[in-house]
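Please look over the sequence and the model shown here before reading on. The report that follows goes through the chains, their contacts and some local backbone features.

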Amino acid sequence: MSNEASMDITCQELVELVTDYLEGALSHEDRTRFEQHLVMCGGCKEYLREMRKTIAISRKLSDEDLPANVRDDLLALFRKWKAGSLR
Amino acid sequence: MSAMICWRSSESGKQARYGEGMIALKFLARGAVGPFTGFVWPSPAGSTAGAWVESPPERFPERGIHACLVEHLPYWTDDELWEVELSDEKILRSAMQIVASRGRLVERVAAWTPRLAQEFGQACALKARDRAVELMKQGTRLAEAEQLFACRSIAELEKVARPMSAQSKTDSLSNIAGYVADAATFARISDVATASYIAAELARVTSGSMQGFLLERSWQGRWIADRLRLAHGSPHVSV
Amino acid sequence: MSLVERHHRAMVRLAGAYVPSAVAEEVAQEAWIGVVKGLHKFEGRSSLKAWIFRILINCAQFRGLREARAVPFSALECDAQDRAVPEERFLDAEHPRWPGHWAKYPEPWSDQRLISNETLAMVANAMEGLPLTQREVMRLRDVEGWTSAEVCEALEISEANQRVLLHRARSKVRRAIEPYMSGGEAP
């Protein structure tokens, strides 16, 4: 009995497609498959949320946006890491 | 946050709920929010439709307003169901949805409640159960077929089907019990979209073709249509 | 059971994710030819199974591009270290119902930590750890807010390459902050 494969993308594929999706680089058909997978996969919905949050946090690193005291705290923490308190 | 989508929302000049365009359906997350973008759709106020939302015409259909005809509904279930008016200029129909360049919310479909959604999820899981029972009878796994058949609730179905699926990774009837257990799990937590998908997947796997998947989705669409008292096959809503 | 018997069915199933099932068997056979031809080059850096499946995926991608159901290219070009999420977070190809799906859903992130200085510092640190071009692309796009056209022009790279670099950068940064964001201890 032949088994016609599902049209669904897997979660493993989705996490590699996230950037293309956010960039609007997926074809109409691929975007539909991406979103259809999201509808029925809470894990991937969460992953996409996390990716968006990561980007949102990165935005805050722009010098212009950071108030001086936050930037100083940040640099201090950063130097601590570089000095080897991590890894 | 929704950097990838450029919506331009323009004021609606029309007071009427139904304008020149076609009426279709659209699922949104709680608060009339787009489930993938977080975009907040302008809501209708009284008898005035929500403001028109447009997507850049040069990016159609990669970017566009997505909506459902009745048969598309089971693919996109979510918290809220809305009637949406789409402008006729460009409408693309694909297998799972339609895409237009402009749309506006007209009216909430009140009949799609969390309770109804949950019932839908359960109906899908129970249909998967029925499919499994049939196959087990044919495969002479009569005791297991009876046990599944006797389940009176989704929680019970999950409890009964789960151990059946653990019996063997390669035996196809055990795997079918696995699909039933999975569908029941998601129906129990009211993850309706996932439960309905799993039921359709079981149909694909047991029939060996996408036709099986599509037929199950058709059944699901009819279930929703009947319960919402929508004219089946017609994009227009008469609730 | 021989090597071939042990893996062939899983390979056909996996190929079926990229090409129509009528073609999946062919693709699996092409992959075996690739395995035989390349076995002398196998250096043992990954497991033999992973190496065989890598060849299979390459064959399936190539065929998949010519068939209607191709997965977009940038999704496919990655080796183990460039994976957005480690392989073991997903059910393997042998799972009877959901190969490639999350073995366990990612834990939701704390909103509190989203706005904390520690998180900002962790992101900055993670970006510093990126390979140069990945860091540059993410810095220009996400921190500085340049458009992709501007970045491509500045770095003299193609749109597609820019996306791959951005993807790897963002994925690594996300991975770096994930343990903390889902409630773990700050480093």
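Helices (H or I, at least four residues) and strands (E, at least two residues) are DSSP runs, numbered from the N terminus. The structure is a predicted model, in which local features need pLDDT of at least 70 and side-chain atom pairs count only at pLDDT 80 or more, while totals for chains, interfaces and linings use all residues. Residues are numbered from 1 along each chain as its sequence is written, and chains are lettered from A and ligands numbered from 1 in the order in which they are written.

**Local backbone features**

B:A32, in the loop between strand 2 (22-28) and strand 3 of chain B, has a positive phi of about 55° although it is not a glycine. A positive phi of about 55° is also given for C:E156, likewise not a glycine, which lies in the loop between helix 7 (148-155) and helix 8 of chain C. Exposure is judged by counting other C-beta atoms, placed from the backbone, within 10 Å of a residue's own: 20 or more make the residue buried, 12 or fewer make it exposed, and anything in between makes it partly exposed.

| Residue | C-beta neighbours inside 10 Å | Class |
|---|---|---|
| B:A32 | 19 neighbours | partly exposed |
| C:H95 | 16 neighbours | partly exposed |
| C:E156 | 7 neighbours | exposed |

C:H95 is found in the loop between helix 3 (48-66) and helix 4 (111-114) of chain C. Its C-alpha atom is separated by 41 Å from that of C:C152, the two residues being 57 residues apart along the chain. In chain B, a cis peptide bond with omega of about 0° joins B:F60 and B:P61, and B:P61 has its place in the loop between strand 3 (52-54) and strand 4 (65-67) of chain B.

Chain A contains 4 helices and 0 strands, so that, by the DSSP assignment of helices and strands, its elements run α-α-α-α from the N terminus on. Of the 87 residues in chain A, 39% are buried.

Two residues are taken to be in contact if their C-beta atoms, placed from the backbone, lie within 7 Å. On this basis, 22 residues of chain A are in contact with 20 residues of chain B. Helix 2 (28-39) and helix 3 of chain A are the elements that give two or more residues to the side of chain A that touches chain B, and the largest share, 7 residues, comes from helix 2 of chain A. For the classes used here, Ala, Val, Leu, Ile, Met, Phe, Trp, Tyr, Cys and Pro count as nonpolar, Asp, Glu, Lys and Arg as charged, and the others, Gly among them, as polar. The side of chain A that touches chain B has 8 nonpolar, 9 polar and 5 charged residues.

Between chains C and A, 40 residues of chain C are in contact with 40 residues of chain A. Helix 5 (117-128), helix 6 (132-143) and helix 8 of chain C each supply at least two residues of the side of chain C that touches chain A, and the residues of that side divide into 25 nonpolar, 10 polar and 5 charged.

How do the axes of helix 3 of chain A and helix 8 of chain C cross, and at what angle? The axes of helix 3 (residues 42-59) of chain A and helix 8 (residues 159-181) of chain C come within 10 Å and cross at roughly 95°, which makes the two helices roughly perpendicular. Here axes are lines fitted to C-alpha atoms, for helices over the stretch in contact, and angles run from 0 to 180 degrees between N-to-C directions. Angles under 35 degrees count as roughly parallel, over 145 as roughly antiparallel, 65 to 115 as roughly perpendicular and the rest as oblique. In this pair, A:E50, A:M51, A:T54 and A:I55 of helix 3 of chain A meet C:R170, C:V173, C:R174 and C:I177 of helix 8 of chain C, and by class the contact has 4 nonpolar, 1 polar and 3 charged residues.

**Domains and cores**

Chain B is divided into domain 1 (8-109) and domain 2 (115-227), with bounds that come from an automatic or database domain assignment. Taken over C-alpha atoms, the centres of domain 1 and domain 2 of chain B are separated by 32 Å. Contacts link 6 residues of domain 1 of chain B with 10 residues of domain 2 of chain B, and the side of domain 1 that touches domain 2 has 4 nonpolar, 1 polar and 1 charged residues.

A nonpolar core is a set of buried Ala, Val, Leu, Ile, Met, Phe, Trp, Tyr and Cys residues joined through C-beta atoms within 7 Å. The largest such core has 82 residues, and those with the most contacts inside it are B:A125, B:A128, B:V180, B:A183 and B:A199. This core draws at least three residues from each of domain 1 and domain 2 of chain B. Not counting residues up to four places away in sequence, B:A128 touches B:Y179, B:V180, B:A183, B:I198, B:A199 and B:L202. A second, separate core of 20 residues includes A:I57, C:L130, C:M138 and C:A169.
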